[in-house]
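Dear colleague,

I am handing over the structure below, together with some notes on what was found in it. Please look through it before reading on.

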Amino acid sequence: MFDLIIKNANLPDGRTGMDIAIAGGRIAAIEANLVAEAAETIDATGRLISPPFVDPHFHMDATLSLGLPRMNVSGTLLEGIALWGELRPTLTVEALVERALSYCDLAVSQGLLHIRTHVDTSDPKLTTVEAMLEVKEKVAPYIDLQLVAFPQDGYYRAKDGEASLNRALDMGVDVVGGIPHFERTMDDGAKSVAALCRIAAERGLSVDMHCDETDDPMSRHIETLAAETVRHGLQGRVAGSHLTSMHSMDNYYVSKLIPLIAEAEINAIPNPLINIMLQGRHDTYPKRRGMTRVRELLAAGINVAFGHDCVMDPWYSMGSGDMLEVAHMAIHVTQMASIEDKKAIFDCITVNSAKALGLDGYGLSVGNQANLVMLQAEDVIEALRLKPARLIVMRNGKVISKVEPKVAALSLPGRPGSLDCGFNPTGRPARD
Ligand SMILES: [Zn+2]
């Protein structure tokens, strides 16, 4: 006797017509034509059941602050940082918590149940850290939230930057961050990478740095990050976020760099929406895309995970907590449009992100917590195309968000009266 059986589900690995049994909040069985009793049955009607989406790079202390105290007129990264600097002295714990909780409501409705957020440690008052620690505790029943100590204004460049970051770690922040390309000099940037990796090694923590988020092909802090990772034995526990300078680097240098990243087992975390919005701003035409070399990193066996980065904040006025929107942009910017490419892109917002965050027990396997999403689409390829409704979002076997399927009522001469908006109009599977 199970608590729940979801019948007739399609899975991300291509299996169709599968039944998922849930007992005690965990996945108890996944098989075709399961014959068993259950207190409740949900018919997936051939729709996709996916593990929850995972966002490995976000800024929850800044989210939903759009327009405070003013809009970013130039739309650049640097005006965004300046604008955040204007807003920061006015922040309160209450307002930060309220905005973050609102964002988490949205995230849950989009099937996003695991988030790593960078938390600005530049202001020695650490209001942001206090607030995000409170948010982490409040959302724990439904979202796993990891916090990164992020010296937005520079570890060395900000007044008291070193002390503030270390105090944030003392307060319980999980991961060591950095922003080497924003330090005053290349040399300071490299020194900050070395110092921050040493701190992580001493404290037994992971590292996730904003690294080379610039169009400058000479911004090569990822090289230092790879070297320091190996030096301190941090392989697999370090992430390089953005890595946009790799887009502009000389090909010969990249042929040396990618094997160093692979050797260090660094997780690469591009942020497709933000990178396409903010990079190439100093170019006329042709304009660079500013997206790191996703296809080449994946081909080298490097774990690539996509982040959302921003939603309605000083850097990005758009965003909806939808990781499929992130993946949709990635497909276009990377030109990874074959079926195999798209499957790889779907992994970048699910299993690869889970790996980057070091999540245990993630995925649709017997024994794991029953965390899953039912989408109004038949497979991952269609999910990427449609960004469809998240019909059910489940955490530990309980439905925590649901929405009716989107069905358009049509009034057209000689045509059907309704259209299932998750429908594949070719009538053929979009997968192979
Ligand atoms: Zn970021």
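**The annotated span**

Residues 40-399 are 40% helix and 17% strand, and their end C-alpha atoms lie 12 Å apart; here helices (H or I, at least four residues) and strands (E, at least two) are DSSP runs, numbered from the N terminus. The UniProt record, an unreviewed entry, places the feature "domain: Amidohydrolase" at these residues, given in the numbering used here, with a shortened name, and such annotations may be inferred rather than shown by experiment.

This is a predicted model, in which local features need pLDDT of at least 70 and side-chain atom pairs count only at pLDDT 80 or more, while totals for chains, interfaces and linings use all residues. Residues are numbered from 1 along each chain as its sequence is written.

**The sheet**

Seven strands form an open sheet in the order E5-E6-E7-E8-E9-E10-E11, with parallel pairing (two strands pair if DSSP finds at least two bridges between them). Its edge strands, each pairing on one side only, are E5 (53-58) and E11 (267-269). Within the sheet, E8 (residues 175-176) and E9 (residues 206-211) are joined in the parallel sense by two bridges, and Val-175 has Ser-206 in E9 as its bridge partner.

**A loop residue**

Gly-233 sits in the loop between helix H6 (221-231) and strand E10 (238-242). Gly-233 counts as exposed because it has 9 C-beta neighbours inside 10 Å (20 or more other C-beta atoms within 10 Å make a residue buried, 12 or fewer exposed, and counts in between partly exposed, with C-beta atoms placed from the backbone).
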